[in-house]
Amino acid sequence: MQNNASENIINNTDEIIENKIQNLENNNDVQTELEQAQAKAAQYYDSLLRAKAESENIRRRSMEDLDKMRKFAVEGFAESLLAVMDSLQAVVADNSGNIDTMKQAIDLTVKQLQNVFDKQKITAVNPAGENLDPSYHQAISSIASNKPANTIIEVMQKGYTISDRLLRPALVIVSSGL
C-alpha cells in the first residue's frame, strides 16, 4: 500500500511538473506573442508620428503659400497702376499752362486707368434711373419726384465691383414718390 501511495505521489508530482513545464512553455509562447505585438505597436506608432509630421509640414507649407499669395496678389494690379501714376505726375509737372494740353493728358490718364480697371475686372456701378438695390446702392437722401418710390434720381458717387463682388456701393439720391 505504501508503494501505491508512493507511486501516486510520484505520478502526481510528475503531473504537477509536466503542468508547470507546459505553463512555462505557454508563458514562453505568450511572451513571444507579446514581444511581437509590442514590436508591431512600435512600428505603428512610428508610422503615426511620421504621418503626423508630414501633415504638419503640408499645413505649414500651405500657410506659407497663402501668405505669399496674399503679399503678391496685388503685385500685378500695382504694376499696372505705375503707368497711371507716371502720367499723373507728368500732368502735375507740366508748367506750360496750356489747359488743352493738360485736359488731353488727364483724358489719356483716365483711359489708362480705365484699361487697368478693365484688365482687373473692376466695373463702375452707375445706376441712374434704376430701382434702389441695397446690395449695390446706398441711398443718402430721398426727394419728392414724379418717378416711382425708390427710383434712383441722381448718382452722387459711382460704386464699383470687382468680378461681380462689391467694392464700394454707389451713393445715390432716390425718389420718395409723389
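Visitor: How many Å, N to O, lie between the side chains of Arg60 and Glu64 in their salt bridge?
Guide: Keep in mind that this is a predicted model. Both residues sit in helix α1, four residues apart, which is about one turn of the helix. Arg60 is partly exposed at 39% relative accessible area, and Glu64 is partly exposed at 38%. Their side chains meet in a salt bridge with an N to O distance of 3.2 Å.

Visitor: Which residue meets Arg59 in a salt bridge?
Guide: Look three residues away in helix α1, about one turn of the helix. Arg59 has 47% relative accessibility, so it counts as partly exposed. The N to O distance is 2.7 Å, and the partner is Glu56.

Visitor: And Asp46 with Arg50: is Arg50 buried or exposed?
Guide: These two also share helix α1, four residues apart, and their side chains meet in a salt bridge at 3.0 Å, N to O. Asp46, at 35% relative accessibility, counts as partly exposed.

Visitor: How many salt bridges does the structure hold?
Guide: Among them are Asp46 with Arg50, Arg59 with Glu56 and Arg60 with Glu64. The count for the structure is five.

Visitor: What is the area of the nonpolar surface patch made by Tyr45, Leu48 and Leu49?
Guide: Start with Tyr45, which is placed in helix α1, residues 2-72. Tyr45 is exposed, with a relative accessible area of 52%. Together with Leu48 and Leu49, Tyr45 makes a patch of about 320 Å².

Visitor: Is the pair of Phe117 and Tyr160 stacked or edge-to-face?
Guide: A search of the whole structure finds one aromatic pair. Its ring centres are 5.7 Å apart and the planes sit at 80 degrees. Planes over 60 degrees apart fall in one class, so the pair is edge-to-face.

Visitor: How many residues apart in sequence are the parts that this pair ties together?
Guide: Phe117, at 17% relative accessibility, counts as buried, while Tyr160, at 22%, counts as partly exposed. Phe117 lies in helix α3 and Tyr160 in strand β4, so the pair ties together parts whose separation in sequence is 43 residues.

Visitor: Which strands stand at the edges of the open sheet?
Guide: Three strands run in the order β2-β6-β3, with mixed pairing. An edge strand has a single partner, so one side is left without a neighbour in the sheet; that describes β2 (137-143) and β3 (152-157).

Terms used
Residues numbered from 1 in each chain as written. Predicted model: local features only at pLDDT ≥ 70, side-chain atom pairs only at ≥ 80, totals over all residues. Heavy atoms only, no water. Patch = residues over 30% accessible without salt bridge, like charges linked within 9 Å, V, L, I, M, F, W, Y side chains within 5 Å. Areas by Shrake-Rupley, 256 points an atom, 1.4 Å probe, with all protein chains shown as cover. Salt bridge = Lys/Arg side-chain N within 4 Å of Asp/Glu carboxyl O. Buried < 20%, exposed > 50% of the residue type's maximum accessible area, 1.4 Å probe, protein only. Pairing = 2+ DSSP bridges. Phe/Tyr/Trp six-rings, centres within 6.5 Å; stacked < 30°, edge-to-face > 60°.
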